[in-house]
Amino acid sequence: MDSRFTRGKSPVLERALGRPRSELSLAAFALLFSELVQYCQRRVASVAELQARLARLGHHVGLRALDALVARERPGRRETKVLGVLLFVKGPLWRALFGREGDKLEQANDDDRTFYVIEREPLVNTFVSVPRENSSLNCAAFAAGLLEAVLGAAGFPARVSAHWHKGTT
Amino acid sequence: MSRSPGRKQENHKISRELFVLTYGALVAQLCKDYEKDEDVNAYLDRMGYSIGIRLIDDFLARSAVKKCRSYSETADMIAQVAFKMYLGVTPSVSCSSAMGNEFSLILDKNPLVDFVEELPAERASLCYCNLLCGVIRGALEMVQLAAEVTFLQDRLKGDAVTEIGITFLRKPEDRKHKRN
């Protein structure tokens, strides 16, 4: 049997979840994120692939963030309705991860299964400047991947993508 | 500046979970792309280096510390001010050589491994936090202090604490000052 199960729990697993979250400086995250983008950029050939890679990394983060957040913010009750989970995403989830709530949540006019979470200045794009030849790049693809993982893991499989919307995301 | 002064303050902090999970995603991606642990470690160190050379500017701008007069002051500064500012922990410093140029920072709480239980068996020699070594090395180099930074002990590999060793190499410009 895998020694992991017979050895006894590591101290990390024994820690309580609800400890007060401390905060770290934006500069550290921004630099880490820039390295991440540079790393992806070196291995891809097109903007679409770069966004796909960022989305995959965001996916990785989102899967792990969901459980901890749900346990902390909504103990004992999981969202089972689409609108509920979207409001949870826009409010508590966005606030816990990015420090402020998403600005707007809208439903598309023509398709009632499409929603938009609108943010004026996404945290991940804070120090990103996009050169003109890659002007369709939106590093919020990272946040989109995160969102996709969260929705998928919450039982609402969805396709999430980041778009420029009248100058915002 | 077109931004109102109040806005800068609220943007300075982000959630620790986001940072830690993003770092984890990065390491996971590197492990998928590179087979050998040494390659992953080397890449993490290199990324840390390029982060460090920029982080030092931010650090000096925000902390306004005076010039350090000795290696031990520098090591103390890194431990008590820089780590506190960027990771929220304060490692303890100990000097481990008679000449005064080898120091170790002992971290009992490492936020980067908050969500890491253990290293997988096939990645036993991965230095998960090697980015930190690169960051310290890059930052020191930008203030004209060449140093070697490595992990001496790592909790993920079974040691009791995480220990980072900083060895200051001789300053290259010592000779340049002899001008007459």
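**Reading helices and a sheet**

Analyst: Let's start with two helices: α3(A) and α4(A) are oblique to each other (angles under 35 degrees count as roughly parallel, over 145 as roughly antiparallel, 65 to 115 as roughly perpendicular, the rest as oblique). This is a predicted model, where local features need pLDDT of at least 70, side-chain atom pairs count only at pLDDT 80 or more, and totals for chains, interfaces and linings use all residues. Residues are numbered from 1 along each chain as its sequence is written, chains are lettered from A and ligands numbered from 1 in the order written, and side-chain values use heavy atoms, without hydrogens and water.

User: At what angle do α3(A) and α4(A) pack?

Analyst: Helices (H or I, at least four residues) and strands (E, at least two) are DSSP runs, numbered from the N terminus. Axes are lines fitted to C-alpha atoms, for helices over the stretch in contact, and angles run from 0 to 180 degrees between N-to-C directions. Here α3 (26-43) and α4 (47-73) of chain A pack at about 135°, their axes 9 Å apart. Contact means heavy atoms within 4.5 Å; among the residues that meet are A:L36 and A:Y39 in α3(A), and A:L50 and A:L57 in α4(A).

User: In what order do the four strands of chain B form their sheet?

Analyst: Strands of a sheet pair through backbone hydrogen bonds, either parallel or antiparallel. Two strands pair if DSSP finds at least two bridges between them. In chain B the open sheet has the order β2-β3-β5-β4, with antiparallel pairing. Its edge strands, β2 (92-95) and β4 (147-153), each pair on one side only. Six bridges join β4(B) to β5(B) (162-168), and B:A147 stands opposite B:F168.

User: Which strands does helix α4 of chain B lie across?

Analyst: Helix α4(B), residues 71-86, lies across β2, β3 and β5 of chain B, at about 20° to β3(B).
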